[in-house]
There are 2 protein chains.
Amino acid sequence: MLENICIVLVNTTHPGNIGGVARAMKNMGLSDLCLVAPKLFPHEDAVARASRADDLLDNALVVETLDEALADCHLVVGTSARSRTIPWPLVNPRELSAIVAPLPADTKVAILFGREDRGLTNDELQRCHHHVHIPVNEDFSSLNIAAAVQVITYELRMAVVEGQDSVDKPQWGTDWDVELADNRELELMFEHLEQTLIDVEFLDPDKPRNLMPRLRRLLLRSVPDKVEVNVLRGMLTAIQKKQQP
Amino acid sequence: MLENICIVLVNTTHPGNIGGVARAMKNMGLSDLCLVAPKLFPHEDAVARASRADDLLDNALVVETLDEALADCHLVVGTSARSRTIPWPLVNPRELSAIVAPLPADTKVAILFGREDRGLTNDELQRCHHHVHIPVNEDFSSLNIAAAVQVITYELRMAVVEGQDSVDKPQWGTDWDVELADNRELELMFEHLEQTLIDVEFLDPDKPRNLMPRLRRLLLRSVPDKVEVNVLRGMLTAIQKKQQP
């Protein structure tokens, strides 16, 4: 299970932090590292901080866009330091682990970590099913990115390997009989939804307000499977066909 | 409660690690840092890695011996990467937090972290009531010292501040009506015990084997209170008085 969890670092500035993340991951038994448009990589500082986890750096997937990073992922989780304008399903690392541990073994999970200074953008956070927040001292809340990866991967290891998840398992992950939708399928569905809402003039592209974010949050929270997404797409197609020319 | 938990770094080699520890502590709301014979301190690398947690470095207690560090502590916990020749009560960070959280609020707890390359010595580990081990990937188990502090202090924060301790609370910490013995009292008691055992020729100072470590483990595991220590001391005095000249 741990090998299906991908740590995705978005626009990391300091290569030393990438190395620190690799070391933290390997300590906890994770190996899948993805770098979205890193500022400097490969870099000697990354190798130095990685200690003997440099194999994770060698095997890291480096991509230009978050879309490429997430294409085959089923569950996307964003790390969030602040509360945002639109509240999103927010869990702590232990609750996250209790969500991840009972998922079918072939579920691919991505956990996104943002820039050292600004974290993830609102657009990036709205790609996520859940947000995870590490409870910190509010007077000194800026956690080093490798430290944040260490805490979250520790909790995942505790739940998956040690079987010490303490939170009741969520309903939806257990005994699932249909494969979960992957991110590409979900994004195509949201594009379809948005276009349909524009078509029916419910959504004004010049004044979108928070309509799509709210719908994303609603649908992502349920972690739809492939059949559900197909049903939604079929519904949207039907709506589009039925509208007045 | 968190302010009564002291992080004790023993013979740290790299000052950058001291800074990383300070940052990890402050993120989780701890402030009491003690340095036993650090190799280089103060040092600019410590300040750099501490980010804005340099107030913890300014206020750190720097001492020459572990005795000075532990004198007023009631519960001493040592971090241990390896299993030792003599097994000691071993907990993971979550179980440790479940032990610490219900302690009386004025209990002073020390958590010891050893050298980057060799950890704590057997003598140092035998000063401890419990050992704590972070479950790691056994193929890559060398955790950076700041990462280890991050994980342990995160669990303490989760238990103390967030109230999410998941393990049943131990019997002995709750509703305690006598103050726990502090480390100075315990060490005097062990000295007294050792001398008494030598006096009675049960312990051969030239062939001590593991007698004292086994007795330490037995007594420390029960986390004695002041009255119990006084009873033990009184017993030892009585034994010494009664021996043949």
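Predicted model: local features only at pLDDT ≥ 70, side-chain atom pairs only at ≥ 80, totals over all residues.

Analyst: Residues are numbered from 1 along each chain as its sequence is written, and chains are lettered from A and ligands numbered from 1 in the order in which they are written.

User: At what angle do H5(A) and H7(A) pack?

Analyst: Helices here are DSSP runs of H or I with at least four residues, strands are E runs of at least two, and both are numbered from the N terminus. Axes are lines fitted to C-alpha atoms, for helices over the stretch in contact, with angles running from 0 to 180 degrees between N-to-C directions. The axes of H5(A), residues 93-100, and H7(A) lie 8 Å apart, and the packing angle is about 45°.

User: How many nonpolar, polar and charged residues make up the contact of H5(A) with H7(A)?

Analyst: Residues are in contact if their C-beta atoms, placed from the backbone, lie within 7 Å. On the H5(A) side the contact includes Pro93(A), Leu96(A) and Val100(A), and on the H7(A) side it includes Ile152(A), Leu156(A) and Ala159(A). With Ala, Val, Leu, Ile, Met, Phe, Trp, Tyr, Cys and Pro counted as nonpolar, Asp, Glu, Lys and Arg as charged, and the others, Gly among them, as polar, the division is 9 nonpolar, 1 polar and 2 charged.

User: Which element gives the largest share of the side of chain A that touches chain B?

Analyst: The contact takes 27 residues from chain A and 27 residues from chain B. On the chain A side, the elements giving two or more residues are helix H1 (15-27) and helix H7 (145-160). The largest share is 6 residues, and it comes from H7(A).

User: Which residues have the most contacts inside the largest nonpolar core?

Analyst: A nonpolar core is a set of buried Ala, Val, Leu, Ile, Met, Phe, Trp, Tyr and Cys residues joined through C-beta atoms within 7 Å. Setting aside residues up to four places away in sequence, Ile7(A) touches residues including Val21(A), Leu33(A), Phe113(A) and Val149(A). The largest nonpolar core has 132 residues, and those with the most contacts inside it are Ile7(A), Val8(A), Ile7(B) and Val8(B).

User: Is Arg209(A) buried or exposed?

Analyst: Arg209(A) lies in the loop between helix H8 (183-199) and helix H9 (211-221) of chain A, and its phi is positive, about 45°, although it is not a glycine. A residue is buried if 20 or more other C-beta atoms, placed from the backbone, lie within 10 Å of its own, exposed if 12 or fewer, and partly exposed in between. Because Arg209(A) has 9 other C-beta atoms within 10 Å, it is exposed.

User: What is omega for the peptide bond from Phe41(A) to Pro42(A)?

Analyst: Most peptide bonds are trans. Pro42(A) is found in the loop between strand S2 (32-36) and helix H2 (44-50) of chain A. The bond from Phe41(A) to Pro42(A) is cis, with omega near -5°.

How values were computed: Contact = placed C-beta atoms within 7 Å.
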